[in-house]
Amino acid sequence: MKRITSVLLIILSLVMVASAFTIGAGASSAYQTYTYSINGDALYSPDAYSATGTYDYLAMGLDLNLDNPGDMITDERGKVYIADTNNNRIIILDPYYKLEFIITTFINAQGNNDALAKPQGVFVTEDSIWVCDTDKNRLVEFDLEGNFKRILDAPESQLFDDDAVYKPVAMAIDQYGRIYVVSSTTYQGIIVMDNNGGFVGFIGAQAVTASAWDIIWKRFQTDEQKKQSTAAVSTEFNNIAITEDGFVYVTTSSIEEKSVRSAITGKQTSGKYMPVKLLNPAGDEIMRRNGFWPPAGEIQFTTDTTQEYSGVSTVTDVAVGPEKTWSIIDSKRNKIYTYDYNGNLLFAFGDKGAMLGSISNIEAVCYQDTTMLVLDKGNNSIVVYERTEYGDLLIKAIAAENSLDYDYAIECWEAVLQRNSNFDAAYVGIGNAHFRNGEYEKALGYFEDAYDTEGWSNSYKEVRKNAMSDWFLLIVGAIIVLVILVAKAFAWAAKVNKRVATDGKARKTFGQELLYGLYVIFHPFDGFYDLKHEHRGSVRASIVFVVLTILSFFYQGMGQGYVMNPTGRTTTIMAQAISVLVPLFLFILANWCLTTLFEGEGSFKDIFIASSYSLVPLILLTVPATIGSNWVTNTEKGLITMVSTIAFIWTFALLYFGTMVTHDYSMFKNLITIAGTLVAMICIIFIVLLFSMLLTKLVSLVSNIVTEIQYRM
C-alpha cells in the first residue's frame, strides 16, 4: 500500500511540474506576433523572434548609466556600437554585450584636446567608426580601436539655405565611399558627400517640407530667433540604413498625418507620402510595395485622439536584415515590423510591459546574425531577441527564392504553413515558385488563396496562352459564330419592330412588347414617343425588364471572375432587388410628384414604363461583362469596368431622354426637372427616415406606458 501511495505521489508531482512548465511557456511571451490580411485584420502567428535577455549598463560593464541613447548598430564581427547621446560618448561592446572601450575624448588633427558633443548617430565600415557629432555639426572618423582619424565639417554648397544649420543625426556609407547624411534641419533631402567630405548633392527630397510661410518668415528672423526656432523644426528624415548593393532606406515622421493615413488606406504603391522609402544612388524611390498593405507600420489605427495609440505609426529607425529583409520601428507603439524585399509583412511584434521582451521606449533596431537587438531608451538597455525555428524557416524560404532554388522554396513555405496556415506570404511564395517552375495551373490556386491578383494574372496569362494554342481555331470559330448569331438576332428584332409599326394592330403581343426594348435603346426619341402614344410597351414587359435587371446584377455578384472579385464576395437576390427597386421607385415617385407641378404630360404609369425600358442596356451589357470577367487578367479588367460604365451611362441617357419625351419637355426644362427629381428623392428619403424614427419613439413610448401600467397594477 505504501509503495502504491509513493508511486501516485511521484506521478502527481511530475504532473504538477509539467503543468508549471506548460503555464510558464504559455505566459513567457510579452507580445503577440502577427501579420495582416487583405482586409486589414490581424492574423496571429508564431513568434519569429523570442526575447532571451536584457542588458543594462551594469550587465554591459559600464560605470555610468546610459542617458538618452540615440542610435545602435553592429558590424560584421558582431560588435555593438551605441551612441550614448547625453553622456557624449560612443560605447563599443563585444558580441556578448560586454564593454570593450568608450570613445568620448580624443586628440584632433591640430593636436588639441577634443570631445564629442551629443552624438546621435554612429556607423561602422570595414576599417572605421563614424560618429555624427551632432552638437558640433560634424562627422568624426575613428579607426576600429577608437583612435582618431579625421573630422569632416559641414559641407559647403550654394544649394544650402543661408539660414540652414547642419545637424547630422544619422549616416551611412556605401561600397564606393559615398557618405549619406541625415541632417535634422535640412529639408532638401539626404546630403551626399564624397569620401573627402565634398558636397555631391541631395537625394530623396520629401514631398512635404516646411510651409511657404515658415520659409518666408525665417528670412526675416534674427540669428537668435533662428537658433531658437531650430528645435521646433520637424525632422524631414530621421534615420537611414544601407544595403550591400548601395541602396538606401530612409525614414521620416514629419509627413502630415492625414497624407500618410490616406496613402495607407488607399494602398498606394508610390512612396510620396510613405514614412519609409528605398532610394537608389541616383535618389529614385524604388521600393516594392506588392504586399496587401504598403510598408508603413501599423494598419489598424484609429483617428480617435483620446486613444493611447491613435494615428499612424511614428517610424524612427530602419535596419537591413538577412536575405533582403528589413525592419522598421514604431516609437509610438514600441513595435517592430519586418518586411521582405517585395514589401510583404513577414511579422510584427512588440509591446510595453514589465516582462522579458517588453519595450519601454524603443529607439533603435539592428541585426546581429540570427539575433535582433533593440535599444530601449526608456530602460536604457538592450533587449536581445533570438530567431526562432519559425523565423529560421521564413529566412530559409526567402533565401531559396533569392537563390532560384524553387523546389526547396516550396518545401520551406509548406513547412511555414504547417506552423501558420494564416500566413498569406507563404501562399504567395509557393505560387511564385510554381510559376517559375512553369507549373502555372498549380500556381493559380496558391495565388487565389493569398488574394494575389498580380501573381494570379501572370499565371493565368500563361494558362490562357497554352489554351489558345491548343484550341485556337475552335475559340476563333466560336467567337465568329457568336457574333453572327447576335447580329442576326438584332436584325430579326429590327424586322419584327418595323413590321409591328406598320401592321396597324392596336394590341401588341407580349413578345413584341419585349422586343421593342431593343428599338428604344437605339432610337430613344421615336422609341419613347411610340412607347407612350402608340402603346408599344406595357407594364408587364416593364416588370420583366426590372426583374431581368435584378437577375443580371445578382449574376454579376455571384459570377464575376477572380480578378474582379478576389475575396469571393457574394450577394443575395434580396439585396440586389432592394438596390434596383428602391432607387427606381424613388426616381419614378419623385419625378411624378415634381412633373405634376411642372406641367408634365406623363402619368405615373408612363414614367414607370419609360424608366423600365431604359434599363435594357444594363441587361444587355452586364451579363456579357460578367462572363468576360472570367477570362481577363489584372491588366485587362479595365475593359470589363469600361463596359459596365458604358451600360450605366447609356441607361442614364435613356432615362433623361425618356423623361423629356414622356413629359414633352425641352432639353433645358427637362434638365431642371431631373435636377429637381434628385433633390426630391433626397427629401423623400429624409421624410421616410424621420417618420421611421418618430414611429420608433412612439412605439417605445406606448410600450413604456403599458409596462408602467402593468407595474402599477
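**View 1. Lys267 and the end of helix α5 in the predicted model.** An α-helix has 3.6 residues a turn, so residues three or four places apart point the same way.

**View 2. The open sheet β4-β5-β6-β7.** Four strands make up this open sheet, in the order β4-β5-β6-β7, and their pairing is antiparallel. From one strand to the next, the twist averages 15 degrees. Strands of a sheet pair through backbone hydrogen bonds, in either the parallel or the antiparallel sense.

**View 3. The hairpin of β5 and β6.** Strand β5 (residues 80-84) and strand β6 (residues 89-93) run antiparallel and are joined by five bridges. Within this pairing, Val80 has Leu93 of β6 as its bridge partner. Four residues lie between the strands of the hairpin, where Asn88 takes a positive phi near 55 degrees.

**View 4. The burial of strand β6.** Five of the five residues of β6 are buried, so the strand is largely enclosed by the rest of the structure. Both of its faces are covered. Arg89, Ile91 and Leu93 are buried on one side, and Ile90 and Ile92 are buried on the other.

**View 5. The hairpin of β6 and β7.** Four bridges connect β6 and β7, which pair in the antiparallel sense. Ile90 has Ile103 of β7 as its bridge partner. Five residues lie between the two strands of this hairpin, and Tyr97 in the turn has a positive phi of about 70 degrees.

**View 6. The second largest cavity and its lining.** Across the whole structure, a search finds two cavities of 30 Å³ or more. The second largest cavity has a volume of about 50 Å³. Its lining consists of Tyr49, Pro322, Thr325, Thr338, Phe347, Tyr367, Arg387, Gly391, Leu394 and Ile395. By class, the lining residues of this cavity are six nonpolar, three polar and one charged. Helix α6 (residues 389-402) makes the greatest contribution to this lining, with three residues.

**View 7. The second largest pocket and the elements around it.** The volume of the second largest pocket is about 1,200 Å³. Its lining comprises 45 residues, among which Asn290, Gly291, Asn342, Asn344 and Asp452 lie nearest the centre of the pocket. At least two lining residues come from each of β1 (34-36), α6, α8 (424-436) and α10 (453-502). Helix α8 gives the most to the lining of this pocket, with seven residues. The lining of the second largest pocket divides into 17 nonpolar, 17 polar and eleven charged residues.

Methods: Residues are numbered from 1 along each chain as its sequence is written. This is a predicted model: local features need pLDDT of at least 70, side-chain atom pairs count only at pLDDT 80 or more; totals for chains, interfaces and linings use all residues. Side-chain values use heavy atoms; hydrogens and water are left out. Two strands pair if DSSP finds at least two bridges between them. Axes are lines fitted to C-alpha atoms, for helices over the stretch in contact, and angles run from 0 to 180 degrees between N-to-C directions. Buried means under 20% relative accessible area, exposed over 50%, partly exposed in between (1.4 Å probe, protein chains only). On a 1 Å grid over the protein atoms alone, a cavity is a set of points where a 1.4 Å probe fits but cannot get out, and a pocket is an open set with protein on both sides within 12 Å along at least five of seven lines; lining residues have an atom within 4 Å of a point. Grid points are joined across faces, edges and corners, and a volume is the space filled by probe spheres set on the points. Ala, Val, Leu, Ile, Met, Phe, Trp, Tyr, Cys and Pro count as nonpolar, Asp, Glu, Lys and Arg as charged, and the others, Gly among them, as polar.
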